[in-house]
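Me: Could you take me through the packing in this model? I will ask as we go.

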Amino acid sequence: MKIRQYGYIFFAAIILFCALSVKTASAASGTCGDNLTWSFSSDKVLRISGTGDMYNYSAYAPWYSYYSYYTSVVIEDGVTSIGDRAFANDMYITDITIADSVTKIGSKAFYCCYKLNKVYLSSSLTTVETSAFSFCPCLKSAGPKDSGCNIEYNWAGEIPQGAFNCSTLTSITIGSGIYSISERAFDNCESVAEYLVQDGNNYFSAEDGVLYNKAKTKLVKFPYAKDWDSYEIPDSVTSIEEYAVYEYAYYTVEDNFTDGLFYFKNWLLKAYKGFSGSCELADNTAGIGDWAFFQCDDMTDITIPGSVNKISNFAFFYCTGLNSVNIENGVTGIGSQALSYCTSLAEITIPESVTSIGTLAFSGSSLTSATILSREAAIKSYAFTYCDSLEYVYCYKGSTADNADLYPEGVTIIYLDEAETEKGSGDINGDGNTDNIDAALILKDLSTLVSLTEEQKAAADVNGDGTVDILDTIEIIKSL
């Protein structure tokens, strides 16, 4: 009988404890801003009320210990921001309603909310910080209440890195006020089949579900779930962002590359970081993507065929072993920092087809000479900054390259002969080698000790400036 009596007492104690726990949880409340409070009741709704900004949290918000007691969150009118990590790792939240007074959502505010499937966003949002909705694998809709959208950005400004990292999203609409999208804003959005852009956006456009910049010269995002085979890259596209194509962003093993290179259609988007030796691009390569060869330290040389429209931004950034770059006629642009910090690259010839050379295009490289055959290329003022070894620039008199302000102090500009731009081989004596003997022949000719024939003078004009002089001797000695 005592055992049974104790059993009843124990059972009653459990019921009383649960009742007190529910009562305690239902009555829980506190502050979360100078003028903000939080509370929830038996309807399983956590409410944030008051006026002003919410506090930022480095670990867990004060309501986190009660996360199993609520499934919905309502941010009431008057609240102006949602703090960093405010609801991070809240595993029971399924939906959130955010009042129009909210203008900012902090970093990782809803990070790892595994059951979150619906967010009603404020129409006044101006800032959403990094990873605000990352790793919300059930999120299927986000936008103004009753908008019916799958996910719609209405805030103005930037969509930051990792803002949405959701495998369930199928459609993303870029709001009219967005002017910047982080390259990895939509990591792991493997179900997205289309991007859309609201009317009035001055920075982005979309066609057939693909996201471009406004002028459609840059491919910004290609939907992971879109069929590749039926898509053709428009001729207007001159660059593709580094993480525009989902598969490319996550290729990390050599087996996913063909001969060390990854192509998207006829665009070379990535070289395997362990790529070494000479690089040979496909004949029909139309472009080289942003950061394509970043830190390919063991690559030694490359020929860029004339079929390539533009060498994109950062394409060969920090390729420290690259010593030879042959740019064929037909290439029209060299992007910002395209060949920055190529510390083994001593000389470059820029063909006449190039119409633009971007900011810091060759900064930090080891160039000693640059030949610019283009007469009207738009050259950014910092294209050759930190090229401390640069000694000579060969160009046409009166061309855009004929401007000492474009180069480091002390650079000598040498004019190309309008009728003849081909450089001499340096093999003056015809023995099959270019060496000290050939350099000595130039010096003897200048001293009238010997007289070079016209054929020998053509070979002696190593720098291609139309004149045989001491500069040609220097070029030969430098090449030894």
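This is a predicted model: local features need pLDDT of at least 70, side-chain atom pairs count only at pLDDT 80 or more; totals for chains, interfaces and linings use all residues.

Me: At what angle do H3 and H5 pack?
Reply: Helix H3 (residues 436-446) and helix H5 (residues 470-479) pack at about 170°, and their axes are 9 Å apart. Angles over 145 degrees count as roughly antiparallel, so H3 is roughly antiparallel to H5.

Me: Which residues make the contact?
Reply: H3 contributes Asp-438, Ala-439, Ile-442, Leu-443 and Leu-446, while H5 contributes Ile-470, Asp-472, Thr-473, Ile-476 and Ile-477. By class, the contact has 7 nonpolar, 1 polar and 2 charged residues.

Me: Turning to the open sheet, what is the order of its 3 strands?
Reply: The order is S23-S25-S27, with parallel pairing. Strand S23 (276-280) and strand S27 (324-327) are at the edges with a single partner strand each, so one side of each has no neighbour in the sheet. On average, neighbouring strands are turned by 15° against each other, direction ignored.

Me: Over how many bridges do S23 and S25 pair?
Reply: S23 and strand S25 (residues 298-304) pair over 5 bridges. Asp-298 of S25 is the bridge partner of Ser-276.

Me: And the largest nonpolar core: which residues have the most contacts inside it?
Reply: Those are Trp-63, Ile-82, Phe-87, Ile-105 and Phe-110, in a core of 52 residues. Among the elements giving two or more residues to this core are strand S3 (45-50) and strand S14 (171-174), and S2 gives the most, with 3 residues.

Me: What lies apart from it?
Reply: Another core, of 48 residues, lies apart from that one, and its members include Leu-339, Ile-379, Val-393 and Cys-395.

Terms used
Residues are numbered from 1 along each chain as its sequence is written. Side-chain values use heavy atoms; hydrogens and water are left out. Axes are lines fitted to C-alpha atoms, for helices over the stretch in contact, and angles run from 0 to 180 degrees between N-to-C directions. Helices (H or I, at least four residues) and strands (E, at least two) are DSSP runs, numbered from the N terminus. Angles under 35 degrees count as roughly parallel, over 145 as roughly antiparallel, 65 to 115 as roughly perpendicular and the rest as oblique. Contact means heavy atoms within 4.5 Å. Ala, Val, Leu, Ile, Met, Phe, Trp, Tyr, Cys and Pro count as nonpolar, Asp, Glu, Lys and Arg as charged, and the others, Gly among them, as polar. Two strands pair if DSSP finds at least two bridges between them. A nonpolar core is a set of buried Ala, Val, Leu, Ile, Met, Phe, Trp, Tyr and Cys residues joined through side-chain atoms within 4.5 Å. Buried means under 20% relative accessible area, exposed over 50%, partly exposed in between (1.4 Å probe, protein chains only).
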